[in-house]
Amino acid sequence: MSLFKNFKGIIGDILQLGGPTGPQVVHDSDEIQFQDADGNLIQIHAADGAADTEASTYGQLKTRHVNIAGGWDGASPLDASSYSGTYYLCHTSGGDYTAGIVYYSDGTSWTAVSTPKNWTLSTKTSAISGTVSMVASGFYVNEGTAGSPSWALKGDGSSDTSLTGVEKQLSMTLGTTASQSSSTSIPDGAIVTGVKLNVTTVYDNSATIAVAVGSIELMGTDESAPASAHTYSKEMLQTLSTGGTVDVTIANSPSAGVATLVVSYVESFNA
């Protein structure tokens with residue numbers, strides 16, 4: 001019976017392994033707990049959860065996809081105490097940090113997060129620039145390994161930061177103000193592919209609407225009839241050597257009228 005000499009209480013509520021100082025499995029109310037010899041809860045380790053037959057921890061599962069807040073240089077990382085609960089990418093190696101690795105702040109320090117092959121991350125509204133660069137609002141898959149990630153941009157068929165061939169849209173809600181401009185600009189060299197003007201509340205006073213970027217007219221006053229609720233569309237391939245805001249001119253001082261303007265463009269085309 002010496003086979004069982006290191007077990008205690010196998011008929012009761014406790015199963016202790018390795019003698020009086022060993023860990024124990026405890027039946028507590030409706031739970032099965034893993035405790036140390038003093039009754040403190042302990043973690044269960046199953047290697048690193050990387051093999052098909054190994055268990056994963058909650059910590060690994062919640063980082064299966066990480067939404068990173070931004071990036072920093074390993075030589076000058078952000079103060080972890082100011083970014084508690086956030087994930088950041090080290091974009092350039094330096095100090096104790098490696099480019100391409102995701103780090104988590106617990107409010108005290110930055111800890112590397114394991115991101116095995118095929119795990120994913122997304123970026124928020126800011127692009128990341130360094131040895132490892134990422135576009136804003138991008139979705140990436142690790143095509144490398146946990147220790148040496150290779151983040152590949154997915155969804156648009158391209159991995160370059162210019163988003164070649166990807167059409168973007170700029171939207172504005174128009175009222176009756178005579179001059180209105182977009183809050184963001186179309187970049188230099190972009191190609192405008194189309195303009196849509198959707199009049200939802202008709203304009204009075206024979207109002208006219210013109211759309212332009214700088215001196216380049218995108219939709220003239222004769223290409224829409226704001227007195228009628230309708231969607232007016234125009235297709236084009238207009239290159240903007242000099243980009244800028246989309247500027248709208250509404251003439252004849254209408255007292256009523258609402259429309260939505262959408263301008264579509266690409267930064268460059270695939271060859």
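Modeller: Gladly! Let us begin with Leu174, which is buried, with a relative accessible area of 1%. Please keep in mind that this is a predicted model.

Biologist: Why is Leu174 called buried?

Modeller: Buried means under 20% relative accessible area. Leu174 has 1%, so it is buried. Its place is in strand E12, residues 167–174.

Biologist: Which residues is Leu174 in contact with, leaving aside its neighbours within four places in sequence?

Modeller: They are Gln180, Leu197, Tyr203, Val248, Gly257, Val258, Ala259 and Leu261. As for Asn198, it is 24 residues from Leu174 in sequence, and the two C-alpha atoms are 9.7 Å apart in space.

Biologist: Why does Thr92 count as buried?

Modeller: The cut-off for buried is under 20%, and Thr92 has 19% relative accessibility, so it counts as buried. Thr92 lies in strand E6, residues 87–92. Leaving aside neighbours within four places in sequence, its contacts are Trp72, Asp73, Gly74, Ala99, Gly130 and Thr131.

Biologist: What makes the pairing of the Thr92 and His91 side chains a polar contact?

Modeller: A polar contact needs N or O atoms within 3.5 Å, one able to donate a hydrogen and the other to accept it, and for residues adjacent in sequence both must be side-chain atoms. Here the two side chains meet at 2.8 Å, so the contact counts. The side chain of Thr92 also reaches the backbone nitrogen of Thr131, at 3.3 Å.

Biologist: Let us turn to the loops. Why is Asn118 called partly exposed?

Modeller: Partly exposed lies between the buried cut-off, under 20%, and the exposed one, over 50%. Asn118 has 45% relative accessibility, so it counts as partly exposed. You will find Asn118 in the loop between strand E8 (110–113) and E9. It has a positive phi of about 80° although it is not a glycine.

Biologist: And what about Asn252: where does it lie, and what is its phi near?

Modeller: Asn252 lies in the loop between strand E18 (244–251) and strand E19 (258–266). Its phi is near 75°, a positive value in a residue other than glycine. Asn252 counts as partly exposed, with 45% relative accessibility.

Biologist: How do you know that E4 and strand E9 pair?

Modeller: Two strands pair if there are at least two bridges between them. E4 and E9 (residues 120–123) are joined by 4 bridges, so they pair, and they run parallel. One of the partners to look for is Leu121 in E9, which bridges to Val66.

Biologist: Which residues make up the two faces of strand E4?

Modeller: In strand E4, residues 65–68, the covered face has Val66 and Ile68, while the uncovered one has His65 and Asn67. In a regular strand the side chains alternate between the two faces of the sheet.

Biologist: Which residues form the nonpolar patch on the surface?

Modeller: Ile32, Phe34 and Ile42 form it, with about 270 Å² of accessible area together. Patch residues need over 30% relative accessible area. Ile42 has 36%, so it passes that cut-off, and it is partly exposed. Ile42 is found in the loop between strand E3 (31–35) and helix H1 (58–61).

Biologist: How many helices and strands are in the secondary structure of the protein?

Modeller: There is 1 helix, along with 19 strands. Of the 271 residues, 35% count as buried.

Methods. Residues numbered from 1 in each chain as written. Predicted model: local features only at pLDDT ≥ 70, side-chain atom pairs only at ≥ 80, totals over all residues. Heavy atoms only, no water. Patch = residues over 30% accessible without salt bridge, like charges linked within 9 Å, V, L, I, M, F, W, Y side chains within 5 Å. Areas by Shrake-Rupley, 256 points an atom, 1.4 Å probe, with all protein chains shown as cover. Salt bridge = Lys/Arg side-chain N within 4 Å of Asp/Glu carboxyl O. Buried < 20%, exposed > 50% of the residue type's maximum accessible area, 1.4 Å probe, protein only. Contact = heavy atoms within 4.5 Å.
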